[in-house]
Structure formats: structure tokens, C-alpha cells
Amino acid sequence: IGELISFGAYEGFRLSLYTNAYLLNRKLFERHPGLWDLDVLRVSLYGLDDESYMNATGKAAAFQRVKQNLVELLSLRHERNKNMKVGLNLIILPNQAWQAPKVLDLITDVNDLSGAPRGIDFLTLREDYTPADSEEKYEDHSALVSAFQDVRERCRHPQLKNLNIDYGYALHPISKGVKSS
């Protein structure tokens with residue numbers, strides 16, 4: 001995959017890779033140095049702690065492994081002076097609005113632990129499109145409005161000042177305090 005990425009980058013393509021980061025460690029980058037030619041590396045999160053990762057993936061300690069891989073990735077990116085943008089993606093499931101501000105705690109922690117001056121570059125938050133009754137959806141949107149207010153406040157932290165948050169078209173109005181239907 002590294003050779004393919006390097007070839008594409010050489011040809012002028014700005015390539016991105018989506019991963020769960022479970023195997024994204026130093027050894028992988030050593031075996032596939034072309035990964036450094038990516039323009040964007042986006043990591044999909046399956047939770048924000050060991051229990052939620054275990055429930056989603058069936059793998060014990062998966063969250064800690066992914067977190068450590070992210071720390072190592074930021075350190076390596078800095079050591080190698082690479083421009084690859086690194087981001088996280090989180091789908092906010094129904095009644096899980098509390099995860100939006102909590103993911104910022106993860107990003108702050110990863111950025112701190114990496115020791116790199118440049119941390120996670122972006123966060124994409126997306127709505128889960130599971131059908132829900134209108135009352136439940138309204139309550140969930142109210143919780144999201146509150147959670148996104150907390151996100152705005154937390155983004156004042158020095159480790160998050162350069163973080164770009166993309167709410168997508170469905171969550172963007174809610175991120176501005178507008179309750180959608």
C-alpha cells in the first residue's frame with residue numbers, strides 16, 4: 001500500500017486513508033514508508049474508552065492500543081517533519097451526545113503525550129442515521145446542542161486551538177445552537 005500511495009503522490013494526487021488505527025504503529029510505517037506520502041490520515045473511533053471499544057470490536061484493550069498508536073503517529077510525524085494531516089472521525093450514536101466533548105479530552109491527551117508541537121489536525125463528527133421517533137430525536141438534538149456548546153468551550157484549550165471540527169451538513173445547524181427537526 002505504501003508503494004501505491006507514493007506513486008499516487010508522485011503523480012500529484014492528494015491521497016487519504018481511512019483506518020481504525022489498530023495496527024498503525026511504528027513497525028507498519030517502517031514496512032510501508034510510502035504511508036508518509038499521504039495527504040490525510042483519518043482514524044475512525046469505535047468508542048472513547050476500553051469498554052466501548054470492547055463492545056464495538058470484541059478486542060480487549062483496543063482503545064488503549066489505538067490511543068498509543070495515535071500518540072506514536074504524532075511523534076513520528078514530527079520527527080520526520082511530515083505534513084500529513086491526521087484526524088479523527090466519530091459517529092455520534094443516539095443518546096451519546098456526551099461523546100462529543102469527551103473526544104476532545106482524548107485529543108488533548110494524545111496531543112500532550114506525543115510531545116509534538118502539532119497535534120491532531122481535525123475532527124469529523126457525524127450523526128447516526130438510525131431511525132428514531134420524533135420525541136427521542138428532539139431530546140437527542142437538545143442534548144447535542146448542549147454538548148456542542150461544551151465543545152466550543154473546550155476548544156479554548158491551548159492543545160485544541162488549531163483543531164478544525166467538521167460537523168457535516170446534518171450536525172452543522174445543531175453545532176450553532178439551532179434545533180433541527
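Colleague: What are the ground rules?

Modeller: The model is predicted: local features need pLDDT of at least 70, side-chain atom pairs count only at pLDDT 80 or more, and totals for chains, interfaces and linings use all residues. Residues are numbered from 1 along each chain as its sequence is written, and side-chain values use heavy atoms, with hydrogens and water left out.

Colleague: Why is asparagine 89 called buried?

Modeller: Buried means under 20% relative accessible area, exposed means over 50%, and partly exposed lies in between (1.4 Å probe, protein chains only). Asparagine 89 has a relative accessible area of 15%, so it is buried.

Colleague: Where is asparagine 89 found, and what does it touch?

Modeller: Asparagine 89 is found in strand E3. Helices (H or I, at least four residues) and strands (E, at least two) are DSSP runs, numbered from the N terminus. Contact means heavy atoms within 4.5 Å. Not counting residues up to four places away in sequence, asparagine 89 touches Arg42, Val43, Ser44, Leu45, Thr124 and Arg126.

Colleague: Why does glutamate 153 count as partly exposed?

Modeller: Its relative accessibility is 40%, so glutamate 153 counts as partly exposed. Glutamate 153 is found in helix H6 (residues 134-154). Its C-alpha atom is separated by 9.2 Å from that of proline 101, 52 residues apart along the chain.

Colleague: How do you know that the buried residues of H1 line one face of the helix?

Modeller: In H1 (residues 2-10), the buried residues are Gly2, Ile5 and Gly8. Seen down the axis of H1, they fall within an arc of 130°, so they line one face. The arc is that of the directions from the helix axis to the C-beta atoms. The face turned away from that buried side carries the exposed residues Glu3, Leu4, Phe7 and Tyr10. Just after H1, glycine 12 takes a positive phi of about 100°.

Colleague: What is the strand order of the open sheet?

Modeller: The order of its 5 strands is E1-E2-E3-E4-E5, with parallel pairing. Strands E1 (16-19) and E5 (164-166) stand at the edges, each with a single partner strand, so one side of each has no neighbour in the sheet. The twist averages 20° from one strand to the next.

Colleague: How do you know that E1 and E2 pair?

Modeller: Two strands pair if DSSP finds at least two bridges between them. E1 and E2 (residues 40-44) are joined by 4 bridges and run parallel. Tyrosine 18 has arginine 42 of E2 as its bridge partner.

Colleague: How many bridges join E2 to E3?

Modeller: There are 5 bridges between E2 and E3, which run parallel. Arginine 42 has glycine 87 of E3 as its bridge partner. E3 pairs with E4 in the parallel sense over 6 bridges. In E4, leucine 123 is the bridge partner of leucine 88, and arginine 126 is that of isoleucine 91.

Colleague: Why is E4 called largely enclosed?

Modeller: Of its 6 residues, 5 are buried, so E4 is largely enclosed by the rest of the structure. E3 is mostly covered, with 6 of its 8 residues buried.

Colleague: What makes H4 oblique to H5?

Modeller: Axes are lines fitted to C-alpha atoms, for helices over the stretch in contact, and angles run from 0 to 180 degrees between N-to-C directions. Under 35 degrees counts as roughly parallel, over 145 as roughly antiparallel, 65 to 115 as roughly perpendicular, and the rest as oblique. H4 and H5 pack at about 50°, with their axes 8 Å apart. That makes H4 oblique to H5. Among the residues making the contact are Phe63 and Leu70 of H4 and Leu106 and Val110 of H5.

Colleague: Is the crossing of H4 and H5 left-handed or right-handed?

Modeller: The crossing is right-handed. A crossing is left-handed if the near helix is turned anticlockwise from the far one by less than a right angle, and right-handed if clockwise.

Colleague: Why is H3 called roughly perpendicular to H4?

Modeller: The axes of H3 (residues 50-57) and H4 come within 7 Å and cross at roughly 105°. That makes H3 roughly perpendicular to H4. Asp50, Tyr53 and Thr57 in H3 meet Ala62, Phe63, Gln64 and Val66 in H4.
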